[in-house]
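Hi,

Here is the model I promised to pass on.

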Amino acid sequence: EYLEQQGGEHFAAIDAQFSSLWLSMYTVFKCMCGGVSWGEASDPLAHTNLMSFLVFVVFIFFALFSFVNIVTGVFVDSAI
């Protein structure tokens with residue numbers, strides 16, 4: 001009900017991507033693996049709740065960069 005009042009036209013996108021824990025995890029998984037652009041998933045959040053948007057973007061930022069550092073470290077370690 002809150003999202004319908006605040007989100008308006010973005011409510012359908014948020015409901016389709018974040019309506020349950022499993023859908024939220026699946027959306028984050030798709031963002032991490034390139035199945036969907038993280039911008040497409042975060043744009044409806046930006047229009048409804050800035051804090052949710054910031055948490056999502058910060059999580060994607062740290063998750064992607066930590067994953068890239070781990071993979072790079074494995075390759076460099078195996079090359080030595």
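What follows is a walk through the helices and a few residues in them.

Some housekeeping first. This is a predicted model, so local features need pLDDT of at least 70 and side-chain atom pairs count only at pLDDT 80 or more, while totals for chains, interfaces and linings use all residues. Residues are numbered from 1 along each chain as its sequence is written, and side-chain values use heavy atoms, with hydrogens and water left out.

Helices here are DSSP runs (H or I, at least four residues), numbered from the N terminus. I call a residue buried under 20% relative accessible area, exposed over 50% and partly exposed in between (1.4 Å probe, protein chains only). The areas themselves come from the Shrake-Rupley method with a 1.4 Å probe, and for residues only the protein chains shown count as cover.

In H2, the buried residues are Ile14, Gln17 and Phe18. They sit on the same side of H2, because they cover an arc of only 80 degrees around the axis. That arc is taken from the directions from the helix axis to the C-beta atoms. Ala12 and Ala16, on the other side of H2, are exposed.

The expected span is 1.5 Å times one less than the number of residues. Buried in H3 are Ser24, Thr27 and Cys31. Their arc around the axis is only 65 degrees, so they are on the same side of H3. Leu21, Trp22 and Cys33 are exposed on the other side of H3. What do the buried residues of H3 pack against? The partners are helix H2 (11–18), helix H4 (38–48) and H5, with contact meaning heavy atoms within 4.5 Å.

Thr27 belongs to helix H3 and counts as buried because its relative accessible area is 4%. Neighbours within four places in sequence aside, Thr27 is in contact with Gln17, Phe18, Val36 and Ala41. The C-alpha atoms of Thr27 and Ala13 are separated by 11 Å, with the two residues 14 apart along the chain.

**Between H3 and H4**

Just after H3 comes Gly34, with a positive phi of about 85 degrees. Val36 is in the loop between H3 and H4. Is Val36 buried or exposed? Its relative accessibility is 16%, so Val36 counts as buried. Again leaving aside neighbours within four places in sequence, Val36 is in contact with Thr27, Lys30 and Cys31.

**H5**

H5 has 30 residues, which should span 44 Å at 1.5 Å a residue; the end C-alpha atoms are 43 Å apart, which agrees. Phe56, Ile60 and Ala63 are buried in H5, and what covers the buried residues of H5 includes H2, H3 and H4.

Ile60 lies in H5 (residues 50–79) and is buried because its relative accessible area is 3%. Not counting residues up to four places away in sequence, Ile60 touches Val28, Cys31, Met32 and Trp38.

The C-alpha atoms of Phe59 and Val28 are 9.3 Å apart, although the two residues are 31 apart along the chain.

Finally, a surface feature. Leu50, Met51, Leu54 and Val55 make a nonpolar surface patch of about 410 Å². For a patch, residues need over 30% relative accessible area and no salt bridge; like charges are joined within 9 Å, and nonpolar side chains (Val, Leu, Ile, Met, Phe, Trp, Tyr) within 5 Å. A salt bridge is a side-chain nitrogen of Lys or Arg within 4 Å of a carboxyl oxygen of Asp or Glu. Met51, one of the patch residues, lies in H5 and counts as exposed because its relative accessibility is 56%.

Cheers

Definitions and conventions:
Helices (H or I, at least four residues) and strands (E, at least two) are DSSP runs, numbered from the N terminus.
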